[in-house]
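Please open the model in a viewer and keep a selection tool at hand. The stops below each name what to select and what to look for there.

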Amino acid sequence: MSSITKKYDPVKYKTPTGTRLNCKGWIQEAAYRMLLNNLDPEVAERPDDLIVYGGRGKAARNFECLDLILKALKVLEDDETLLIQSGKPVAMLKTHRDAPRVLISNSQLVPKWATWEHFDELEKKGLMMYGQMTAGSWIYIGSQGIVQGTYETYAAVATTHFCHPDAGRISTQTPGQRPTTNDQQHTAASLKGTLNVSAGLGGMGGAQPLAITMNEGVALIAEVEEWRIDKRIETRYLDEKYTNIDEAIDAAMQYKKDGTAKSIGVLCNAVHLLQRLVERNIIPDTLTDQTSAHDPLIGYVPHILTNEQANILRKENPEQYIERSYESMYLHVQLMLQLMDKGAITFDYGNNIRARAQEYEVKSRESGVGSRKHDSRTNSDSELLTTDYKLNRCFDFPGFVPAYIRPLFCLGKGPFRWAALSGDPDDIRITDDVILSLFPHDKGLHRWMKMAQEKIAFQGLPARICWIGQGDREKAGLAFNELVRSGKVKAPIVIGRDHLDTGSVASPNRETEAMLDGSDAVADWPILNALVNTAGGASWVSLHHGGGVGMGYSIHAGMVIVADGTDEAAARLSRVLRNDPGLGVIRHADAGYDIAKETAKNNNLDIIDRLRM
Ligand SMILES: NC(=O)c1ccc[n+]([C@@H]2O[C@H](COP(=O)([O-])OP(=O)(O)OC[C@H]3O[C@@H](n4cnc5c(N)ncnc54)[C@H](O)[C@@H]3O)[C@@H](O)[C@H]2O)c1
């Protein structure tokens, strides 16, 4: 049962399109198509390993399980539910027509055992799979799935810190401060004339360059794998590739000076890019990172190894690889802190790199190996490692959610997305028009949709993402159902979202970092989210552990619902698309956020109001 022995077969696993059913109903068919779509080479990062994105985020445990899931979906009746345990189909049970057709649980471990070490042991024995977020819940749609979130984050960065074009730069956040942002307003602003540095051009990180140029800034992104840079250029997410760090920096500085929106991928380790910026005293305007630091073994490449050396060491001596990764991530964070101290607006972009650096620092101190005394492997490393770091600073820069995104969560906003099961891009154009006409006064949404239509190339099944909130998701879902009912689109529309959403995740270093009431680690909310979406009749529901930030750090739930044009679907869409973001509003209101309390009242979600009636 090993995925290494088999390779992805593009003919066998081609996503079906059109109106002919392979399964017994459109909901099963939607799961069938979306699972295959997750693995489409245009969509997935490494289909040969069943890896969709985010380090080792997989869609199925191995190829045998993939075949079994596909077979099960073909025979599944309209009143049955298929159960998936960490990427493996384990049962098809009698339920009812309004129940989810698939229930998925991925990577769950009892809290005391919830470590990468234990997970790795289980994975080696073939007992588990890492589902990341949308990988194991079959609603990944390529880099577009994250691009609007990244765009919104950089727009909020611009609004918070830069006043464009003539008023000069306004910084409302002192370095290291964790802002409480429940009163921020997200209005249009620009990153014109700014240098925005990051690393990682993988499935999610690949959205950074486009999101930055959409905000009119210059992006300079380090990436160790050349094919990833090429893939982002091919899919129009990235403009230029450099293999020389200094040349890349020079080009980026010129674009910054000219105020030209451009994105540059540079083939190097993040540590080396930051090191060079420090040496040249070039301070980025913004600084973050989207390497897969959540996973020290599979996701992060230590700076002292070439990519080829990394691939060998990972296999031959995983323990040593992990040590090297930790050292490198510590250095990486120290360099980010140095640049932040010199004025770079610095934030964590959801990969848990701060926690990895802190874990390293604590471990080094406990074992008496001061981080500064670490053996130096190259001259430049020894210079860096003798820098007089201040300890206890790994969390001095904030995460992107408390800094920029939480106000959106309080409105029930999040990464709502949909895909056309017909495979016809015209169907998405029709849904785009519906969204624009449903929300004529939402200028930000109109700006986003226009840019998305112009700049985003579809990967796999045509799809769209758009951050909409409480009330609006339900309206959109019902309108899409009408499009299917009236035959204006050629086949049903599948609707879902990322797990990185308002009410579906507990992740204290990311989505629930620095909650007003300190409830960061309370994981009842994602469990309630999965339960209420199951009760409401979502088409498939998933509950995952460890997505985004790694084992032990998060619990989160996903949901997908199919608009097939029937009355039954309309009733389910109405329930699910109201309750799903609604729980997010309730969660944030419960934590004390005023915007969420107001949103709850306006949408009849306030429990005290209801009980008073
Ligand atoms: N902010 C968000 O909204 C969000 C959403 C989802 C995931 N994430 C997190 O972002 C991270 C990236 O996700 P992804 O899907 O792009 O992962 P991925 O594994 O597909 O890509 C990671 C990329 O980083 C590169 N890389 C690794 N170490 C490097 C180094 N030291 N220097 C330069 N490049 C290096 C890899 O070659 C790879 O291309 C993950 O930790 C993920 O959990 C963030």
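Select serine 364 to begin; this residue is found in helix α11 (residues 353–366). Helices (H or I, at least four residues) and strands (E, at least two) are DSSP runs, numbered from the N terminus. Serine 364 is partly exposed, because 19 other C-beta atoms lie within 10 Å. In the scheme used here, a residue is buried if 20 or more other C-beta atoms lie within 10 Å of its own, exposed if 12 or fewer, and partly exposed in between, with C-beta atoms placed from the backbone. Draw a C-alpha to C-alpha distance from serine 364 to lysine 490: the two are 126 residues apart in sequence and 60 Å apart in space.

Two remarks on conventions apply at every stop. Residues are numbered from 1 along each chain as its sequence is written. The model is predicted, and local features need pLDDT of at least 70, side-chain atom pairs count only at pLDDT 80 or more, and totals for chains, interfaces and linings use all residues.

**The whole chain**

Zoom out to the protein chain, which has 20 helices and 17 strands. The C-alpha trace spans about 65 × 55 × 50 Å along its principal axes. A compact globule of 613 residues would have a radius of gyration near 25 Å, and the 23 Å of the protein chain agrees with this; the radius is taken over C-alpha atoms, and the globule rule is 2.2 Å times the number of residues to the power 0.38. Of the 613 residues, 56% count as buried. Two residues are in contact if their C-beta atoms, placed from the backbone, lie within 7 Å. Among contacts between residues at least 6 apart in sequence, 74% join residues at least 24 apart.

**The ligand**

Next, select the ligand and its surroundings. The shell holds 33 residues, and the closest are Gly200, Gly202, Met204, Gly350 and Asn351; a residue is near a molecule if its C-beta atom, placed from the backbone, lies within 6 Å of it. Both α4 (144–161) and β7 (218–223) supply at least two residues of this shell. Coloured by class, the shell has 13 nonpolar, 16 polar and four charged residues. Here Ala, Val, Leu, Ile, Met, Phe, Trp, Tyr, Cys and Pro count as nonpolar, Asp, Glu, Lys and Arg as charged, and the others, Gly among them, as polar.

**The nonpolar cores**

A nonpolar core is a set of buried Ala, Val, Leu, Ile, Met, Phe, Trp, Tyr and Cys residues joined through C-beta atoms within 7 Å. The largest has 170 residues, and Ala31, Leu220, Ile493 and Val494 have the most contacts inside it. Helix α10 (residues 318–341) gives the largest share of this core, 12 residues. A second, separate core of eight residues includes Phe119, Met128, Tyr130 and Val549.

**Helices α1 and α2**

Now centre on alanine 31, which is in contact with Leu73, Arg101, Val102, Trp138 and Trp540, leaving aside neighbours within four places in sequence. Then show α1 (26–39), where 14 of 14 residues are buried. Helix α2 (residues 63–75) has buried residues at Phe63, Cys65, Leu66, Ile69, Ala72 and Leu73. These buried residues pack against α1, β3 (80–85) and β4 (88–94).

Which loop holds serine 86? Serine 86 lies between β3 and β4, and has a positive phi near 40 degrees. Most residues other than glycine have a negative phi. Serine 86 counts as buried because it has 26 C-beta neighbours inside 10 Å.

**Helix α13 and strand β13**

Select helix α13 (residues 400–410): 10 of its 11 residues are buried, so the helix is largely enclosed by the rest of the structure. Its buried residues pack against α4, β12 (414–420), β13, α18 (567–590) and α19. After α13 comes glycine 412, with a positive phi near 80 degrees.

Move to alanine 463 in strand β13 (residues 463–468). Alanine 463 counts as buried because it has 27 C-beta neighbours inside 10 Å. Not counting residues up to four places away in sequence, alanine 463 touches Ile141, Gln144, Arg417, Trp418, Ala419, Ile428 and Phe458.

Finish at asparagine 604, in the loop between α19 (594–602) and α20 (607–612). Asparagine 604 has a positive phi of about 55 degrees, and counts as exposed because it has 10 C-beta neighbours inside 10 Å.
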